[in-house]
Amino acid sequence: MTWVNDVVQGILLGGYYGIIACGLALMFGVMRIINLAHGDIAVLGAYLMYLLLEHWNVSPFIALIPVLPVMLALGYVLQRLILQRSLRSGVLTPLLATFGVSIVIQNALEQGFGPDVQSLGGQTGSLVTAAWQINSQVSIAALSALIFGAAVVIYGALQFFLARTAAGRRMRAAAEDPDTAELVGIDSRAVYARATAIAVGIATIGGLALALRTTFSPYAGPDQLIFAFEAVVIGGLGASLWGALLGGIVLGVAQTVGAQINPEWSVLAGHIVFLVVLVSPRGGLLTLRSGGGGGARAALQRLRAS
Amino acid sequence: MSLLSVDSLVLRHGLLEAVRGVSLQIEPGEVLSLVGANGAGKTTLLRGLAGAHRPASGTISFDGQDITRMPAHRRVRQGIALVPEGRRLFANLTVEENLLVARRGAAPGRWDVEAVYAALPMLGPLRRRRAATLSGGEQQATAIGRALMTNPRLLLIDELSLGLAPVAIDDVYASLRGVIGDGMTVLLVDQDFSRAAAISDRVVCMLEGRFVLAGKAAELTREQITEAYFGLHDRGVVA
Amino acid sequence: MEPQTDTRTGAAPEPAAALAAGQVSRWTRLSAGFTGGLGVVVLLLALVPVAMGATLVQDLTTLLILVLMATMWNALAGYGGLVSVGLQAYIGLGAYATVWFSLQGVDPYWGMVLATLFCAVVALPLSFLVLRFRGAQFAIGTWVVAEAIGIYVGLDNQLGAGTGISLVQLDSYATSTREHITYWLTLALTTFFSVIVFMLLRGRLGASLQAIRDDEQAAASVGVRVVSAKRILFILASAGCGAAGAMTAANILFVQPTAIFSVNYSAFMIFMVLVGGIGTFEGPIVGAVILYFIQQQFGNDGTWYLIGLGAVAILFAVFLPRGLWGLLEERTGLRFMPLGYRVRRRARELR
């Protein structure tokens, strides 16, 4: 029965990975950029909320309200100032630029907040300790359930945005062919900046989830990035938007089951599942890999209104 | 006043000078055909006018306003639309979505989805189809409809009939005639120059990046155009 | 020294087109002189321990390791188009393999050579895995592999687990002897890998890679074996980084998993190549020298030093993606190392 509990906890953990993976998949799908600072941005969001909570005794969920618009603006500026310019010299240059951003954020956080680990879990009151006892072995923590629910809502909202709204349509058009999009009156750069803003916003929610469920430090970002990337790849490199959430769940289950075998094996088990999925002939749970990752872009397109 | 006025426009692809200092005026309501062999610079010129290709020198003004440095999406709002070579539809969007994406950046005007379906009746039944699944003629009609959605005052069309079946070509030209009948100003590029000339007021012939012949469509003979097309014409002459 | 026409470039569509109009050559008198000059530099460097003090020898060892890392990262990214954030896998493996071979009773210096070979052997099967990734996915996919290897090594108690292990076997050498041998071996390995990169890129592989860089699909369609060209570079870079890791172990005498498998090594490599000039032979060397002096000056400033490195990397990616050496070549038209192709007459307009 303990296995059942591991799987349940893994699925719930997958909700967190799904949130972290969502923005990464969106940026890759729209602009073909893999943002190496994605995890650090989530951690930056967590620190901004931490900063607010140091001064005001409110719930972390309230702290998200002022932090979110700041982070959205940051994402917009990041695209306009750095990524858009670096896109001119090919798709690999933004990768290098985001790596620079990653290093700057990590070290700036350490400079500002010190190297100690922090957590916001203590400020949510009963939410952290509340749990539903299903039976003697299986219990579901309220916080984990909330994070998982948030993941489902985020994916649903993003799908609705892309498939049903005018701005979402324009984003799919600019993702498919930015030059032609310009020719029908779409400001592709503004659309890209909006996509990055959304990705950064979702990462911020991921940062809150991270800060609530465990601890974070200035150097927690790269791990979150790697987990997010693993979720995206296991889910089929964006064969569908929901694939990233499914990939997150697979990763979460691998980690909790791995930890059951040997606590030191938790993260390694996730890496191994990632590599196994990679070598499998289909190379992803949901995709036939055709020409390395064209899938992500096509997937966004397929979310059309019907 | 001319709707479009181009002066000494030069467009480059790296070292290659694709358009070498051309000047052109288009009056409101005029239909102009641009003919020339492959590589004459027609597509580059159209892309330059639409804002997809930055000019190396020269000026473009539209309705009295200098738009030489204006990015493509803002020219659309001024009223310039390009139907690009190869249609370039958003393959994974439906026909209707392809039309709708063009609405936001559009100039004010009468075109909307229903007006496009009325003008291009073949599109109505296809509205929910993914663009990738359309035939060539259907794609071309969608591309024209998409351009119309932006309420253009100047419609640039590149290779209207290229790759289409003869029947589809008839359909597409019939649609275009309808649009022209409404008073649209059109700059048309098509390899089938006798068809293109038939609906045009004026014909300009392009060779190696320069205009080598221009005249009223009714007054130019087929021989004159053929000579200019193949560069048999005296190259110094710019009519 | 007349310029030679290199017909092998026929594999690449663009140079082939250029051939029609101009004459393609790689050797200029200047570059021939420069290549010879480099040989002299290596010779002079080899004499340093005889003439100079111990501090300089150790510092130069550090610098040479940086040069080796940068050259390897550049070989992969600048010529193969494979930007990796995971070459620290081989730095760590090279260091730990050195320790392992030493524990088996192999002389540590032979252990370093064996560790280098070991990294090449490990890279071969892994290449089948990671070369399935394209572009940015490759970067982070290799990073995951590095993380997995790092964790795995950190679980091995025989190798000191998470706390690390000293390379005590080197204590059998007198300190100055050890430093000299370490220096010479580093110089030898750095020179060896640089020459290999140089030879490979001048040969068929270079032409293939040039073609792939111009247009991968077109290159594949005229018979360039895209994947095998990339695989060769990947294995080479892995072996080179393995050597760099082995020499790092010899230089600091202690390895610890989170430090030696740290993604910071990738940060340094990216910084050096980006600042020096990606896709040029000289750029990484320039970048290594710059990073070396920055480390000497600011290395103790901790976070501010790293913030500065990151910010400079961003600035170069945005404003000067070809790096300092790329800028120099652009401004002066000079090509010292004959790796790129020069079209002698300006190509006529082709259409």
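Modeller: In this predicted model, two residues are in contact if their C-beta atoms, placed from the backbone, lie within 7 Å.

Biologist: Leaving aside its neighbours within four places in sequence, with which residues is Cys205(B) in contact?

Modeller: Cys205(B) belongs to the largest nonpolar core, where Leu156(B), Cys205(B) and Met69(C) touch the most other members. Once neighbours within four places in sequence are set aside, the contacts of Cys205(B) are Val35(B), Gly36(B), Phe211(B), Val212(B), Leu213(B), Ile225(B), Ala228(B) and Tyr229(B).

Biologist: Is α5(A) roughly parallel or roughly antiparallel to α10(A)?

Modeller: Helix α5 (residues 142–164) and helix α10 (residues 241–261), both of chain A, pack with their axes 9 Å apart and at an angle of about 165°. Because angles over 145 degrees count as such, the relation of α5(A) to α10(A) is roughly antiparallel.

Biologist: How many residues of the contact of α5(A) with α10(A) are nonpolar?

Modeller: From α5(A), Ala151(A), Tyr155(A), Leu158(A) and Gln159(A) meet Leu241(A), Trp242(A) and Leu245(A) of α10(A). No charged residue takes part, 1 is polar, and the nonpolar ones number 6.

Biologist: Which helix gives the most to the side of chain B that touches chain A?

Modeller: The contact draws 21 residues from chain A and 25 residues from chain B. On the side of chain B, α2 (72–78) and α3 (95–100) each supply at least two residues. The one that gives the most, with 4 residues, is α2(B).

Conventions:
Residues numbered from 1 in each chain as written. Chains lettered and ligands numbered in written order. Predicted model: local features only at pLDDT ≥ 70, side-chain atom pairs only at ≥ 80, totals over all residues. Core = buried A, V, L, I, M, F, W, Y, C linked by C-beta atoms within 7 Å. Buried ≥ 20, exposed ≤ 12 C-beta atoms within 10 Å, placed from the backbone. Axes fitted to C-alpha atoms, helices over the stretch in contact; angles between N-to-C directions. Parallel < 35°, antiparallel > 145°, perpendicular 65-115°, else oblique. Nonpolar A, V, L, I, M, F, W, Y, C, P; charged D, E, K, R; others polar.
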